Amino acid sequence: QGGVSGYAHLGELFNGRRGLALDVPFGIVDFIEVLQGGRLFSEIWYGFLNLGYKVLPVAGADFPYFGPTLPGVERTYVKVDGDFSADRWFAAFRAGRVYVSNGPLLELTVNGHEMGAELRVERGARLEIVAEARLNPDIDELARLELIVLGDVVADEPARGQDRVALRTALTADRSMWVAIRALGTRQAPRNMIVAHSAPIYVVVDGRPTWKAEAVPELVVYQRGQLQDLLTVPIEPEGDLEPWETRELLREHWERQRDLLRPRVDEADARYAELLERVQRLAR
């Protein structure tokens, strides 16, 4: 119907890992909520980006379940050109002009292209990275700004006591990649951190996908394992996150629903196998 859909709760709770393994290969996951409850959780998101899938970040507090955050503390910022409208907001979100934050404000360009852009270049092209982070000192002291390529921090710039930090550097486009930035405050408790993370900019070199080729075999094994868990791991209704809401539903329907899922699981598994074969073929 043309809507935007994705997974909340860091892609982690309510068996989110299994659901994502099933849904992402079909192109029906637009986003994962990677910032929630004072915590940035990027492992699952990075994994799909490194498989070559384009998935956007969003944020939410999930108040009152997750403390100490309050409603509106964790936000999804979208850059809208012209006058605001809901349609323009969603169009800009779909285009990836987005970052998540509970404090820092971000800007990022690669060769002048903004967050969400796909930049097509030849191998060896020079990539000019311009990034900036700002943080209101009433929230926290800005610590540093990091440049992330294919999930790895490749450069960083400390704030040195300032409430604004800029990072300017250049990369060589020796492979296709996704590029993003992350800003951190000094408060970094596991569930009470100040952080912001941009959506990626995708650099496509010689038409190759933006996956992290050396990581794909392990990531495919992991996702295919999640699919098999859907079919084989026993359901424990009393162990569900909110059993008072779900126990009877699971007891009554899960076994029948599992059988109905099998063809979809098989198709998703085949798509992961095809992705792995393509990576191996291009590496030869």
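1. The largest nonpolar core holds 77 residues, and F48, L51, L106, L127 and L145 touch the most other members. A nonpolar core here is a set of buried Ala, Val, Leu, Ile, Met, Phe, Trp, Tyr and Cys residues joined through side-chain atoms within 4.5 Å; buried means under 20% relative accessible area with a 1.4 Å probe, protein chains only. Apart from this core lies another, of eight residues, including F31, L56, V78 and F93.

2. The model is predicted: local features need pLDDT of at least 70, side-chain atom pairs count only at pLDDT 80 or more, and totals for chains, interfaces and linings use all residues. Residues are numbered from 1 along each chain as its sequence is written, and side-chain values use heavy atoms, with hydrogens and water left out.

3. Leaving aside residues up to four places away in sequence, L51 touches W211, V216, L219, V220, Q223, Y272 and L275. Contact means heavy atoms within 4.5 Å.

4. The chain has five helices and 16 strands. These are DSSP runs numbered from the N terminus, helices being H or I of at least four residues and strands E of at least two.

5. Strand 11 (residues 142-149) is largely enclosed by the rest of the structure, because six of its eight residues are buried. Strand 11 pairs with strand 14 (residues 177-189) in the antiparallel sense over seven bridges, where pairing requires at least two DSSP bridges. R144 stands opposite L184 in strand 14.

6. Strand 11 also pairs with strand 12 (residues 152-158), again antiparallel, over six bridges. L145 has E157 as its bridge partner there. The two strands form a hairpin with two residues between them, and L150 in the turn has a positive phi of about 55 degrees.

Notes. Buried < 20%, exposed > 50% of the residue type's maximum accessible area, 1.4 Å probe, protein only.
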